[in-house]
Amino acid sequence: MPKYTIDQKAEMLKRAEESDKKSKRYAGSAEAYRAFESNQPYGFGPNYKAGKEAAKHLANMYESEAEDLRQRATPATNSREQYESEKEQGDPHALRMSYEEWKKL
């Protein structure tokens with residue numbers, strides 16, 4: 001996994017928030033299509049079903065994008081990357097302990 005700067009990580013987290021908002025908006029659209037479709041006595045045919053499916057697909061796409069960005073921006077717990085990151089930031093535990101000792105905390 002490549003190393004990211006603090007600014008790059010902040011940008012990824014910002015983009016993850018934006019993706020979450022888009023995901024919720026598209027999920028709301030899918031719900032609106034579903035509600036409208038179920039209230040129609042004759043059903044309006046494939047247009048509403050296609051709209052609902054497209055909105056669901058986009059919601060899922062943005063949700064997975066947000067999750068991917070979050071994972072790339074935040075190191076796994078007790079990983080070497082997290083240890084190095086905390087050491088760079090001046091964490092007293094990371095500074096005085098080896099990685100193996102720190103991992104046991």
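Q: Which residues does Ser 23 touch, not counting residues up to four places away in sequence?
A: In this predicted model, Ser 23 touches Ala 59, Tyr 62 and Glu 63, with residues up to four places away in sequence left out of the count.

Q: And which backbone oxygen lies 3.0 Å from a polar atom of the Ser 23 side chain?
A: That oxygen belongs to Ala 59. Ala 59 is also among the residues that Ser 23 touches.

Q: Where is Ser 23 placed?
A: Ser 23 is in helix 1, which covers residues 6-38.

Q: Is Ser 23 buried or exposed?
A: Ser 23 has a relative accessible area of 7%. Buried means under 20%, so Ser 23 is buried.

Q: What about Lys 9: buried or exposed?
A: Lys 9, which is also found in helix 1, is buried, with a relative accessible area of 12%.

Q: Which residues does Lys 9 touch, again not counting those up to four places away in sequence?
A: Lys 9 touches Tyr 4, Ala 73 and Ser 85. Ser 85 is a buried residue of helix 3.

Q: Turning to helix 3, which residues are buried there?
A: In helix 3, residues 80-88, the residues Gln 82, Tyr 83 and Ser 85 are buried.

Q: Why do they line one face of the helix?
A: Seen down the axis of helix 3, the buried residues fall within an arc of 165°, so they line one face.

Q: What happens at the start of helix 3?
A: A side-chain oxygen of Ser 79 reaches to within 3.1 Å of the backbone nitrogen of Gln 82.

Q: And what is found just after helix 3?
A: Gly 90 takes a positive phi of about 90° there.

Note on methods. Residues numbered from 1 in each chain as written. Predicted model: local features only at pLDDT ≥ 70, side-chain atom pairs only at ≥ 80, totals over all residues. Heavy atoms only, no water. Helix = DSSP H or I, 4+ residues; strand = E, 2+ residues; numbered from the N terminus. Buried < 20%, exposed > 50% of the residue type's maximum accessible area, 1.4 Å probe, protein only. Polar contact = N/O pair within 3.5 Å; in protein donor to acceptor, adjacent residues only side chain to side chain. Contact = heavy atoms within 4.5 Å. Arc of directions from axis to C-beta.
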